[in-house]
Amino acid sequence: MRQTDTIAEVKGAVKSFAAPEGGKVRALDGISLEILHGQFVTLLGPSGCGKTTLLRTISGFEELDAGEVRIAGVKMTNVPPHRRPVNTVFQNYALFPHLSVDDNVGYGLDVSGVARNERDRRVNEALDRVGLSGFGLRKPDQLSGGQRQRVALARAIINRPKLLLLDEPLSALDRNLRQTMQLELKSLQNDLGICFLFVTHDQEEALTMSDLVVILNKGQIEQTGTPEELYHQPATPFVAEFVGDGSLFTGRIENTSDRPVLKTNDGLCLPLGRDARVGETATLLLRPEHLRLAPDQNDESLGILEATLEQSVFHGAIRNYICRLSNGALLTVALDASDTAYKRITTGDQLRLAYPRNLPYLIKQSGNGT
Amino acid sequence: MALNSRTRSLLLLLSPASIFLGIFFLGPLIIMVIFSFLEPGLYGGVEWNFYHWNYGRILGWADGEWEEFDPVYAAIFLRSVRIAFINVIVTLLICYPTALWVNGLPSRWRTLVVFIITLPFFVSLVVRLFCWVLILRPSGFMNSILLGLGIISEPIDIIFTETAVLIGMAYVLLPFMFLPIYASVEKLDHSLVEASSDLGGGPIQTFFRITLPLTLPGVAAGAILVFIPSLGNFIVPDLLGGAKVLMIGNLVEQQFLSARNWPFGSALSVTIMLVMLTLIILYLRRLKRMEINQ
């Protein structure tokens, strides 16, 4: 199969649910998506954005109101879940409590009547792959959270699906285990060459593992792109806010002493690069790593902000300084924690912060969400 | 002292419940066991002499003078067990699909349906069974409807047969099967059903591999809750079975109220109890083994 083959395709997906307070809620509002062979795609969004619904329409547990799902070119409308060439790793793992690990993993083969020795061979292979050889006779309640996660994974890959759907599978694990599993998932996906469609609300998870991230909000796609694109070129304020840390400033671009600045409604003045188009409404995103303490000598390439240090938080390699600007907004500055030059800074200090004028992200304001 | 204050206060706190149960639950049971070994009084009551012929009449030894072994008791007992067993099967076949159906309803309907199923409890059992007499008798509703529709030409004589007893019994004990099954069906994690379906299991495979094994505890509880009252029931066979379908419960009732042979009635009750206990212990053991084997 060539790299460019489309494995799964969603076209114009619309799905509404009856809201408890009456009326309808559009969980999916015209979503189109294409997953290519061997890709690790992540659906990222806040809870209620429709990402789980999208996953469930692909696995077949929900039918679309409009639009269609195609897997390997075949239209999936009215195809029940057990006839779709996709498998799911469920959020709570959904391991069968009455079956051993062996029988859980082998379930997909048992229901399709695969011969005994072929089945045993593939079960062992799958358990081996997730590092659980020798655990076959245990029951799910005799396993740790991470082990259950691996069983769920082994169970889902044993049918060799065209597409593996993962519904927030790491959310129940503790931080260390989650990071280990992130790397393992990624390498498992490389080994198997199966497409992964991964749902999460954790942007760090999305950035770590994905080839492609789809950001959903209110049933619509905000932006599709590689993790780098989303981080460095967010298409909308929502994406800028959702991916990575940073503060957003919205205002009009004006000229002050022949240099463009962003004037916010509450009186902040943020210098911009030369190519900023005067007269437009724009949003500036300042990420913690963009900001430094301003040097003593004047530097034309830097934008300067005055702020008061409210709090500093130690994060290992870096220390986050949370500063309050004159308009009351908070701004986080990440500085090298090992640099002794910053040791003098204490809470309440007036700081002069600098960011590269031409580097910050400028997002042309145009409607909401498109 | 070895008995620390915690244990002592615990015992003290438990004592009201223990005394209550001791007097009102264990007490009658002990009296029954004692009576079953005493000689029947001439006009009811007991004579305080040890007397084992009560059991002899049931189990097969007799003095050949006053008390005689009669195999009819064993036959009645076997019939009771058979009726109780069939009743378990019938109620199970009705209740399991119903429980699945109710569980699939929207939540506000679910509560309503469960309420409706338990509604008959609010009406006296005797009244409800008389309604069944009205329905089942030759000139009753069932026959007039079937005759009116031309489905049958002669009234079906169903009242005072074992079938009528089975219908009544199933009706009376339906909720005892339904509620435990419904509780376990409702508790079943729906994502397990979805997982099975996701892995390629069709609806039938999903039912037999996932749903049924995981709701088996409810089935087991329902089976016991239906079997025991079925076996001991005497009102249903009395009203719907007439004199023809005598069950063990009727026999006990007769001994106490008509024949005034308390010791023999007690001996019958103790025998039923022991047989039932044995059956249930065997059943639970088997169930446990099934669960382990899964």
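Predicted model: local features only at pLDDT ≥ 70, side-chain atom pairs only at ≥ 80, totals over all residues.

Colleague: What area is buried between chain B and chain A?

Modeller: The contact draws 23 residues from chain A and 21 residues from chain B. Carbon and sulfur atoms give 56% of the buried area. That area is about 1900 Å².

Colleague: Which residues of chain B lose the most area to chain A?

Modeller: The side of chain B that touches chain A divides into seven nonpolar, nine polar and five charged residues. Three residues of chain B together account for 37% of what that side buries. They are Glu194(B), Asp198(B) and Leu199(B).

Colleague: Which side chains meet in a salt bridge between chain B and chain A?

Modeller: Ten residue pairs are in polar contact between the two chains, and the count of salt bridges is one. A salt bridge requires a side-chain nitrogen of Lys or Arg within 4 Å of a carboxyl oxygen of Asp or Glu. The pair in question is 2.7 Å apart, N to O. The side chains are those of Arg56(A) and Glu194(B).

Colleague: Which helices of chain B each supply at least two residues of the lining of the largest pocket?

Modeller: The largest pocket has a volume of about 380 Å³, and its lining comprises seven nonpolar, nine polar and one charged residue. Among the 17 lining residues, His190(B), Val193(B), Glu194(B), Thr206(B) and Thr211(B) lie nearest the centre. The helices are H3 (71–103), H8 (190–198) and H9 (203–232).

Definitions and conventions:
Residues numbered from 1 in each chain as written. Chains lettered and ligands numbered in written order. Heavy atoms only, no water. 1 Å grid on protein atoms, 1.4 Å probe; cavity = no way out; pocket = protein on both sides within 12 Å on 5 of 7 lines; lining within 4 Å. Points joined across faces, edges and corners; volume = space filled by probe spheres on them. Helix = DSSP H or I, 4+ residues; strand = E, 2+ residues; numbered from the N terminus. Nonpolar A, V, L, I, M, F, W, Y, C, P; charged D, E, K, R; others polar. Contact = heavy atoms within 4.5 Å. Buried area = accessible area lost by both parts, 1.4 Å probe. Polar contact = N/O pair within 3.5 Å; in protein donor to acceptor, adjacent residues only side chain to side chain.
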